[in-house]
Amino acid sequence: MSDPKAVTDRNLALEVVRVTEASALAAARHAGRGDEKAADEAACGAMRRALNRLSMDGVIVNGEGDDEGQPLHTGERVGNGCGPKVDIVLTALEGRSICARGAHNALSVVALTEEGSFLKVPQHSYMEKIAVGPGIPDGVIDLDLSPEDNLARIAEAKGGSVADLTVSILDRPRHSDLIERLYATGARVMLFDDGDVSGALAAGLEETGVDVYLGSGGAAQGVLAAAGLKCLGGRMQCRLLIRSEGEFMAARNAGLGDPKRKWDLDEMVKGEVMFAATGITDGHVLKGARLLAGNRATSHSLVMRSVTGTIRYMTARHDLDRSPPLI
């Protein structure tokens with residue numbers, strides 16, 4: 001086991017944001033061009049090259065698939081092999097379709113923690129999720145309760161009414177009944193076209209105006225969102241959606257003894273964590289990257305460490321002639 005202080009070193013955190021900058025700038029070249037595959041391949045390739053420059057011995061715990069021919073696949077070792085042993089969860093391009101359409105909330109995200117600290121989930125699995133920001137006591141949110149009861153408990157914990165709450169949720173047909181139930185409570189509902197991680201993160205950032213994240217989405221993205229919310233002091237609870245015997249066995253094969261159990265944030269992310277995200281297109285959490293005349297660019301990133309609770313927003317100006325991205 002590596003020294004946790006080495007894993008969460010502030011200098012490594014600032015190196016990690018260069019990883020998300022590289023993948024965001026690579027994907028931004030394809031934003032609004034209608035080609036999801038090209039955008040994803042560019043982001044994954046740039047992120048892999050940037051990760052391999054870091055002084056660490058890293059393993060991707062929840063990655064971009066389990067095909068060993070795919071860059072950033074689960075189980076892939078990254079880094080230069082020197083430095084701390086770390087586990088990594090990532091998405092080089094969250095929101096492939098929205099990037100291709102030039103729509104909102106495409107992000108590039110990486111989180112690192114000490115070896116053995118991230119929950120490993122089956123590939124292509126889904127989770128039920130509920131997330132809130134800082135200041136909500138432990139035990140308030142519970143997936144065994146109805147959405148209405150959860151909102152009432154959250155509102156009480158915040159000293160207000162359900163009508164004061166804003167709930168973010170992915171705009172998906174599977175959520176149509178849930179969305180109607182949320183409207184009926186009197187809460188405000190903010191629909192996201194895409195961006196499971198950004199939707200959950202928004203609940204932890206006061207400036208977004210979001211109080212609660214609800215719904216189902218990718219399990220790997222759930223662990224990644226938990227890493228960000230741990231840095232923000234938020235709360236999250238997730239439970240795998242088991243819809244077939246095959247999904248049950250995939251969860252058991254991933255090492256989950258009870259696939260139907262609820263997972264709290266500190267069970268999904270056991271150790272201290274660092275988190276970096278860079279916007280690809282404009283969103284609720286971050287502005288998108290801009291490619292400018294003269295082979296220049298700007299990027300907007302969020303960097304956090306749970307050990308200190310520090311939240312850094314970084315705007316970078318890139319001269320791509322002098323410091324070319326890893327595209």
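Into which domains is the protein chain divided?

## Model and domains

The protein chain comprises domain 1 (10–116 + 273–319) and domain 2 (126–268), with bounds taken from an automatic or database domain assignment. This is a predicted model, in which local features need pLDDT of at least 70 and side-chain atom pairs count only at pLDDT 80 or more, while totals for chains, interfaces and linings use all residues. Residues are numbered from 1 along each chain as its sequence is written, and side-chain values use heavy atoms, with hydrogens and water left out.

## Interface between the domains

The centres of domain 1 and domain 2, taken over C-alpha atoms, are separated by 23 Å. To the contact (heavy atoms within 4.5 Å), domain 1 contributes 24 residues and domain 2 contributes 21 residues. About 1,800 Å² is buried between domain 1 and domain 2, and carbon and sulfur atoms give 75% of this area. Buried area here is the accessible area (1.4 Å probe) that two parts lose on being put together, summed over both.

Across this interface the rule finds 0 salt bridges, a salt bridge being a side-chain nitrogen of Lys or Arg within 4 Å of a carboxyl oxygen of Asp or Glu. It does find 5 residue pairs in polar contact, both at pLDDT 80 or more. A polar contact is a pair of N or O atoms within 3.5 Å; within protein, one must be able to donate a hydrogen and the other to accept it, and residues adjacent in sequence count only if both atoms are side-chain atoms. Elements giving two or more residues to the domain 1 side include β3 (85–94), α4 (96–101) and β14 (310–319). Helices (H or I, at least four residues) and strands (E, at least two) are DSSP runs, numbered from the N terminus.

## Salt bridges

The count comes to 20 salt bridges. In one of them, the side chains of R48 and E76 meet at 2.8 Å, N to O. R48 lies in helix α3 (residues 36–51) and E76 in the loop between β1 (57–62) and β2 (77–78), so this pair ties together parts that are 28 residues apart in sequence. R48 is partly exposed, at 28% relative accessible area, whereas E76 is buried, at 9%; buried means under 20%, exposed over 50% and partly exposed in between (1.4 Å probe, protein chains only).

D142 and K262 also form a salt bridge (2.8 Å, N to O). D142 lies in the loop between β5 (126–132) and α5 (147–158) and K262 in strand β10 (residues 262–264), so the pair ties together parts that are 120 residues apart in sequence. Both residues belong to a network of salt bridges that links E128, D142, D144, R239 and K262.
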